[in-house]
Amino acid sequence: MAYYRRLGSVPPKRHTQHRTPEGGLYYEELMGEEGFFSDSSLLYHRGIPSAIVDARVWDLPDQATAPNHPLKPRHLKLHDLFPGQEWKAADAVTGRRLVLGNADVRISYVVAGAPSELYRNGLGDECVYIESGTALVETVFGALTVGQGDYVLLPRSTTHRWVPTGDEPLRAYCIEANSHIAPARRYLSKYGQFLEHAPFCERDLRGPEETLTAEGADVDVLVKHRGAHGGPVGTRYTYPEHPFDVVGWDGCLYPYAFNIADFEPITGRVHQPPPVHQVFEGNNFVVCNFVPRKVDYHPLSIPVPYYHSNVDSDEVMFYCGGNYEARKGSGIGQGSISLHPGGHAHGPQPGAYERSIGADFFDELAVMVDTFRPLELGEGGTAAEDPGYAWTWSGRGPAR
């Protein structure tokens, strides 16, 4: 984030004394990116933020992946991963099931009903899309109230926890980067302000509204971090005092939420390519969304996408609302993922090309991640696969 924000009590000058009402000192912490050469914030703690009294191994959920080999387009039915009432005991951190991943990004899915432990991701930023349900995301910067359609952006190493609210399960699609995640650079001025052609702007972003403090002794925090070969491993820290002890902070690095309904779609006389739907980007991947919109208005237009071989990318589409026109007849529905890998030409299902002619509006909602390195299947992806999807364009599978 390049948008300055200030909450709570901070001194007039950075790196100077900031005293408690009793005369003691608050402890200043700089949380910054890219070695002091990018966005940062200064947080003022009641306790020493470095103080820990224990560190133990935290065994992460299964992080193993297997190559997409033989190379196939795949349909993954994520709602099948949490049948019945299992979600009531699951939390939004340890309950995640890895669906797809590579060295740049991991995509997980979770259905949760229980509060999580305190957690921070030291590997990279997280972008969590709320498919349905509501939650309070409590962070060291303050709390965010989030619900259906919200993207929740959590900077690397932000201590936080997820608290589902309401009676419905919290369904979350979790995009975990090995880098930072930010709005697309082409939407921003050289100083970081959203430009006029951007499909959303600063007014659409919701940051914490007030600081959040909590009491407690010997408080555990789950930390996901780099292992020996760069992959994720976990540590459980124990802090002598609760980490939510920040009395004030200011800066340009903090968690925020953005709702997909505030994305203003860009349309054209003929079909527009996926980059017009982009929201965020990380290292070697982008995040786009397809929202309800008017479609192509050339008299000879074909509103569904043309068949395409995006030779440098794997395309992952998460279908989270409406009725996605190009996939009718494929078995894809709410909660589905389609994986269309580089090396395979993909496009509309049979009949969709013709049916779309004359349409002037698409009522669809989907979140897309395009990666520039091949994706592998996690245990959740393997467990949720529809084995017949690859043959839906031809109408028949292999003769064996």
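Colleague: Which residues does Ser356 touch, not counting residues up to four places away in sequence?

Modeller: This is a predicted model, in which local features need pLDDT of at least 70 and side-chain atom pairs count only at pLDDT 80 or more, while totals for chains, interfaces and linings use all residues. Residues are numbered from 1 along each chain as its sequence is written, and side-chain values use heavy atoms, with hydrogens and water left out. Ser356 sits in the loop between helix H1 (352–355) and strand S27 (361–362), where helices (H or I, at least four residues) and strands (E, at least two) are DSSP runs numbered from the N terminus. With contact meaning heavy atoms within 4.5 Å, and leaving out residues up to four places away in sequence, Ser356 touches Ile302, Pro303, Val304 and Phe362.

Colleague: Is His277 buried or exposed?

Modeller: His277 belongs to the loop between strand S21 (256–259) and strand S22 (278–282), and, leaving aside neighbours within four places in sequence, its contacts are Phe263, Gln272, Cys288, Asn289, Phe290 and Arg293. The classes rest on relative accessible area: under 20% is buried, over 50% is exposed, and anything in between is partly exposed (1.4 Å probe, protein chains only). Because the relative accessibility of His277 is 4%, this residue counts as buried.

Colleague: How many disulfides does a search of the whole structure find?

Modeller: A disulfide is a covalent bond between the sulfur atoms of two cysteines, and here the term stands for a pair of cysteine sulfur atoms within 2.5 Å. The cysteine sulfur closest to that of Cys127 is in Cys174, and since they are 9.5 Å apart, they are too far from each other for a bond. Cys127 counts as buried at 0% relative accessibility, and Cys174 counts as buried at 0% as well. The number of disulfides found in the whole structure is 0.

Colleague: Which peptide bond is cis, with omega near 5 degrees?

Modeller: Most residues other than glycine have a negative phi, and most peptide bonds are trans. The cis peptide bond, with omega near 5 degrees, runs from His69 to Pro70.

Colleague: What is the phi of Phe36, which is not a glycine?

Modeller: Phe36 lies in the loop between S2 and S3, and at 71% relative accessibility it counts as exposed. Glu34 lies in the loop between strand S2 (27–32) and strand S3 (40–45), and has a positive phi of about 55 degrees although it is not a glycine. For Phe36 the phi is also positive, at about 70 degrees.

Colleague: Which residues form a nonpolar patch on the surface?

Modeller: Patches are made of residues with over 30% relative accessible area and no salt bridge, joining like charges within 9 Å and nonpolar side chains (Val, Leu, Ile, Met, Phe, Trp, Tyr) within 5 Å. Phe37 counts as exposed at 76% relative accessibility. With about 430 Å² of accessible area together, by the Shrake-Rupley method with a 1.4 Å probe and only the protein chains shown as cover for residues, the nonpolar patch is formed by Leu30, Phe36 and Phe37.

Colleague: In S26, which residue is the bridge partner of Leu76?

Modeller: An open sheet of 8 strands has the order S16-S22-S23-S28-S25-S26-S6-S30, with antiparallel pairing. Strand S16 (182–183) and strand S30 (385–386) each have a single partner strand, so one side of each is left without a neighbour in the sheet. Two strands pair if DSSP finds at least two bridges between them, and S6 pairs with strand S26 (residues 336–340) over 4 bridges. The bridge partner of Leu76 in S26 is Ile337.

Colleague: How far apart are the closest N and O atoms in the salt bridge that Arg97 forms with Glu379?

Modeller: A salt bridge is a side-chain nitrogen of Lys or Arg within 4 Å of a carboxyl oxygen of Asp or Glu, and the structure holds 17 of them. In the salt bridge between Arg97 and Glu379, the closest N and O atoms are apart by 2.9 Å.
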